[in-house]
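Please look over the sequence and the structure shown here before reading on.

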Amino acid sequence: MLAATRGFARLTPRVLRCTTWSSFVELATSRTRPLSTLPPHLPITMPALSPTMTHGGVTEWKVTEGSVIRAGDVLCDIETDKAIMALESMEDGVMAKIFARNGTTDLPVGTLLGVMVEDAKDVAAFADYVAPPATGDGGASVDGDASMASSSASSAPASSTSSNKNHVTLPSGRLWPSVRRLLHESGLDGTKISGTGPKGVLVKGDVLAAMGLIDAPSSKSDPSKSEPSVPTRTGKQSAPKTTPTPPPSGIEPETAHDDIPTTAVRKVIASRLLESKTKSPHEYVSVDVRLTNVAALRKKLKTQNVKASVNDCVMYAVSRALALSPKINATWCAVSKQSRFCETVDVAVAVATPSGLITPIVTKANTKSLTKIGEEIRELAGRAREGRLKPSEYTGGSFSVSNLGTFPVDTFAAILNPPQGAIMAVGRGGERVGLDADGAIVGTPTVSITVSSDARVADAADVARFLEVFKQVFENPQGGGGLEAWTI
């Protein structure tokens with residue numbers, strides 16, 4: 001139980017006399033003085049609840065200082081880069097101290113949130129306990145030597161366990177738990193990734209960069225490599241001359257405005273979409289599909305009290321078309337620089353939430369009926385808006401669908417959702433004037449579809465063939481022409 005944490009740091013009277021963070025860190029990392037008198041305790045740190053999570057926030061604590069906790073109890077709600085998730089206790093104990101208050105945001109993974117003890121009589125020992133500062137590598141300096149020693153001591157068995165389970169090779173030396181977890185989940189060889197942390201230590205950003213999810217972090221700048229300033233004739237170094245730019249005529253330098261805090265979800269969305277748009281070669285292919293038979297099917301199902309939206313029908317047709325188009329049901333691996341055909345058809349659907357966009361996934365969609373797909377979408381969308389999705393419900397996927405049909409948007413092009421190789425954008429339906437088989441002018445209900453694809457995964461001709469299959473399936477729910485009738 002908590003006795004296993006005896007290696008964590010303890011405070012001395014000298015610590016309590018420290019007046020600055022620098023003096024605290026200097027003392028905590030000193031190897032010349034032993035750590036003393038705190039009872040055994042378990043630090044509660046900001047967990048990495050998704051592969052892309054580097055920061056998080058504490059939405060609400062479910063316990064208070066002094067609360068008795070059982071294994072499995074919810075300690076607090078954590079705002080991740082995707083959703084709000086419950087942080088559960090893995091041990092029995094008593095909450096001794098809470099550092100991150102409700103509403104605290106932008107905490108690096110590994111930041112100390114609180115401390116648990118085994119016995120209620122030990123709570124008083126933490127009354128003056130001060131949380132150590134977070135470090136720059138996505139972790140917190142939990143009492144200097146002790147936490148790092150714990151990580152270092154556990155790295156050897158973790159390496160042997162991972163090699164037996166996932167065939168993952170870990171680099172020697174100290175590793176943060178979040179780094180080891182990412183290596184296990186991604187299957188990357190840690191010895192082949194260059195570390196940018198202090199003394200070349202592998203940090204979380206290095207692994208995320210190797211996975212192709214973020215830009216590679218830069219090492220600390222070396223003053224010796226900076227360009228020297230050019231001395232003047234007097235021997236003094238000249239400073240660059242800058243001319244302040246005056247504000248445009250008639251515009252105040254500072255106008256009245258309100259600053260709106262950016263949520264963790266929107267920060268991730270902005271970062272990933274920027275990376276996708278600038279690094280993934282986008283291609284766009286569009287097609288118009290008729291809604292006549294789908295509208296007739298929906299009308300028939302309505303009389304049977306069966307609910308099926310146009311988006312449900314799109315998802316059904318997409319799943320069947322993807323099963324016949326393996327080049328489109330694929331992802332791009334940034335590590336191996338190769339496309340990967342997906343064994344299952346897992347279609348993500350974009351859902352707008354108050355905090356930003358999220359894409360829950362309908363797994364094995366090609367094996368499910370129209371009504372089953374619709375039920376899953378509505379259930380996932382509801383929990384997405386409440387921030388209650390599990391990471392496994394929005395991580396991965398082989399294809400995405402973004403539908404703006406409820407808005408006055410005729411057509412649009414979506415940005416790729418890496419590592420997926422393609423995404424479909426669906427506009428609103430409307431009457432399009434055309435000619436029937438007899439040459440008469442008629443109006444036909446039609447919807448515009450645009451697929452954005454990664455040119456490294458599939459070219460425009462591959463997308464065109466996929467859309468040809470999609471169009472045939474979507475326009476013929478009754479089957480025929482070699483197509484099966486839809487499973488309702």
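**Briefing on the predicted model**

A search of the whole structure finds zero disulfides, a disulfide being a pair of cysteine sulfur atoms within 2.5 Å. This is a predicted model, in which local features need pLDDT of at least 70 and side-chain atom pairs count only at pLDDT 80 or more, while totals for chains, interfaces and linings use all residues. Residues are numbered from 1 along each chain as its sequence is written, and side-chain values use heavy atoms, with hydrogens and water left out.

**Overall make-up**

- The protein chain has ten helices and 18 strands; helices (H or I, at least four residues) and strands (E, at least two) are DSSP runs, numbered from the N terminus.
- Of the 488 residues in the protein chain, 43% are buried, where buried means under 20% relative accessible area, exposed means over 50%, and partly exposed lies in between (1.4 Å probe, protein chains only).
- Among contacts (heavy atoms within 4.5 Å) in the protein chain between residues at least 6 apart in sequence, 63% join residues at least 24 apart.

**Helix 8 against helix 10**

- Two packed helices are described by the angle between their axes and by the distance between the axes.
- Helix 8 (residues 310-323) packs with helix 10 (residues 460-475) at an angle of about 130 degrees, and their axes are 9 Å apart; axes are lines fitted to C-alpha atoms, for helices over the stretch in contact, and angles run from 0 to 180 degrees between N-to-C directions.
- Helix 8 and helix 10 are therefore oblique to each other, given that angles under 35 degrees count as roughly parallel, over 145 as roughly antiparallel, 65 to 115 as roughly perpendicular and the rest as oblique.
- On the helix 8 side the residues that meet helix 10 are C313, V314, A317, V318, R320, A321 and L322, and their partners in helix 10 are F466, V469, F470, V473 and F474.
- By class, this contact of helix 8 with helix 10 has eleven nonpolar, no polar and one charged residues, where Ala, Val, Leu, Ile, Met, Phe, Trp, Tyr, Cys and Pro count as nonpolar, Asp, Glu, Lys and Arg as charged, and the others, Gly among them, as polar.

**Two cysteines**

- C313, which belongs to the helix 8 contact with helix 10, counts as buried at 0% relative accessibility.
- C342, with a relative accessible area of 26%, is partly exposed.

**Backbone features**

- Most residues other than glycine have a negative phi, and most peptide bonds are trans.
- D106, found in strand 7 (residues 104-108), has a positive phi near 55 degrees, and at 45% relative accessibility D106 counts as partly exposed.
- K364 lies in the loop between strand 15 (361-362) and helix 9 and has a positive phi of about 45 degrees although it is not a glycine; with a relative accessible area of 49%, K364 is partly exposed.
- The peptide bond from P418 to P419 is cis, with omega near 5 degrees, and P419 lies in the loop between strand 16 and strand 17 (422-435).

**Loop residues and their surroundings**

- G387, placed in the loop between helix 9 (370-385) and strand 16 (399-403), counts as buried at 9% relative accessibility.
- Not counting residues up to four places away in sequence, G387 touches A83, I84 and M85.
- F407 is found in the loop between strand 16 and strand 17 and is partly exposed, with a relative accessible area of 48%.
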